[in-house]
Amino acid sequence: MVDDSSAQPVRALILGGGGARGAYEAGVAAALAERLHFDIVCGTSIGAINGFVVAQGMADTLEALWREAAERNVAPYRPEVAGVMRLWSELHKMGQESLRARMHDAIALCEGLPGLRGLSHLHGLFGFLDSSEMRAIVREHARLDKLNSALLLAVTNLTNARGNTFAYFPDDFSKSRRTAVLAHDDVEPIVEENYVDAICASAALPAAFEPVTVACKNNRRHTFVDGAFTNNTPLRPAVDAGATEIFVISVDPLISPQVERRVRHIGDVIMLALEANSSQMLQLDLALLELTNADVERGTDRPGARRITLRQIRPEEALPIDPLDFAEPGVIAALVAEGRRDAERALDNAPVA
């Protein structure tokens, strides 16, 4: 139970974004949940998917869930895009062949054109990957009545061009904290009708997956995408909900600003821009946390003021997987195991009271 008068720590788990690298995050979260209970779980993007599993008390199923996702290929090309990829591949292959072979392949390509008739719809696409399989997995496992921790999911609201949070609090959570958080105009309550939508919206990476439209408390439908663009490491929601002890899981190693990244294609442009934005937001949140702790040490009398401790767990080196490459069972399993090892080492080196 989370109560304002309790001397017990209010423990929060922060799960950021990272696409397929979230397998590492899943390994860390599973190992932490074996030893610790988290009163608050905050997630963004793939962290929203890992997060709802932890908040439902099912962290021990994370490894199996990721194995299932890899086997089912949760991020395939949409049929229209697959047609373009096929056309490009065939045209490229034809350019390398003899004239006779080119003529044969041209005939075969024309015979296959009915499978490409969706090309005319490309201009209306909002994402080049099909999210239906990912959504199906979320729908199969998400159960609102199983939530036993507060769950806060960061999203980006395209309708209002701002960051929002979808929030759920169990009945035994501090009533004053719950009421205060839900009163914010940028917070939407998680209910049975929008639970799956909220999770999928937080993970809807723009250009990769289509946005998600959700009915909001103002009785209007708003369109949402990946929360990583406005709050990739949602510390502030955890602090607002009363956290005193925060664990942050990152899928990125600490890299010196002097290290130059390679920009090879549009995927790198999107992911590196997102990484830069996320890093900047995290630094601002950490600076605010330090100011809050400094006020407490000075004895500043401010409502809700309390000292907040923070621990970060992250890989030592860059994870060897593309953020959108979910169909790599061997790599996924290795990342889950790596995350588990890092979490166990962190807890062994600095046990939690």
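**Surface, helix packing and salt bridges**

Tutor: Val269 has a relative accessibility of 46%, so it counts as partly exposed; the class lies between buried (under 20% relative accessible area) and exposed (over 50%), with a 1.4 Å probe and protein chains only. The model is predicted, so local features need pLDDT of at least 70 and side-chain atom pairs count only at pLDDT 80 or more, while totals for chains, interfaces and linings use all residues. Residues are numbered from 1 along each chain as its sequence is written, and side-chain values use heavy atoms, with hydrogens and water left out.

Val269 sits in helix H11 (residues 266-297). Helices (H or I, at least four residues) and strands (E, at least two) are DSSP runs, numbered from the N terminus. Together with Val263 and Ile266, Val269 makes a nonpolar surface patch of about 310 Å². Patch residues have over 30% relative accessible area and no salt bridge; like charges are joined within 9 Å, and nonpolar side chains (Val, Leu, Ile, Met, Phe, Trp, Tyr) within 5 Å. Accessible areas come from the Shrake-Rupley method with a 1.4 Å probe, and for residues only the protein chains shown count as cover.

Some totals for the chain set the background. The protein chain has twelve helices and nine strands, and 47% of its 353 residues are buried. It exposes about 17,800 Å², of which carbon and sulfur atoms supply 54%. Of the contacts (heavy atoms within 4.5 Å) with a separation of 6 or more, 76% are between residues 24 or more positions apart.

Now the charged pairs. Side chains of opposite charge can pair when their charged atoms come close. A salt bridge here is a side-chain nitrogen of Lys or Arg within 4 Å of a carboxyl oxygen of Asp or Glu, and the count by this rule is 13.

One of them joins Arg135 and Asp197, with 2.3 Å from N to O. This pair links distant parts of the chain, Arg135 being in helix H6 (residues 132-141) and Asp197 in helix H8, 62 residues apart. Arg135 is partly exposed at 25% relative accessibility, whereas Asp197 is buried at 15%.

H6 also holds Met134, which is buried with a relative accessible area of 14%. Apart from neighbours within four places in sequence, Met134 is in contact with Ile49, Val74 and Phe326. Its C-alpha atom is 8.5 Å from that of Asn73, a residue 61 positions away along the chain.

Ser45 lies in the loop between strand E2 (40-44) and H2, and it is buried, with a relative accessible area of 7%.

Other salt bridges lie within one helix. Arg72 pairs with Glu68, the closest N and O atoms being 2.5 Å apart. These two residues are four apart in helix H3 (residues 62-72), so about one helical turn separates them. Arg72 is partly exposed at 26% relative accessibility. The pair belongs to a network of salt bridges that links Glu68, Arg72, Glu133 and Glu140.

Arg236 and Asp240 likewise meet in a salt bridge, with 3.7 Å from N to O. They are four residues apart in helix H10 (residues 235-240), so about one helical turn separates them. Arg236 is partly exposed with 27% relative accessibility, and Asp240 is partly exposed with 27%.
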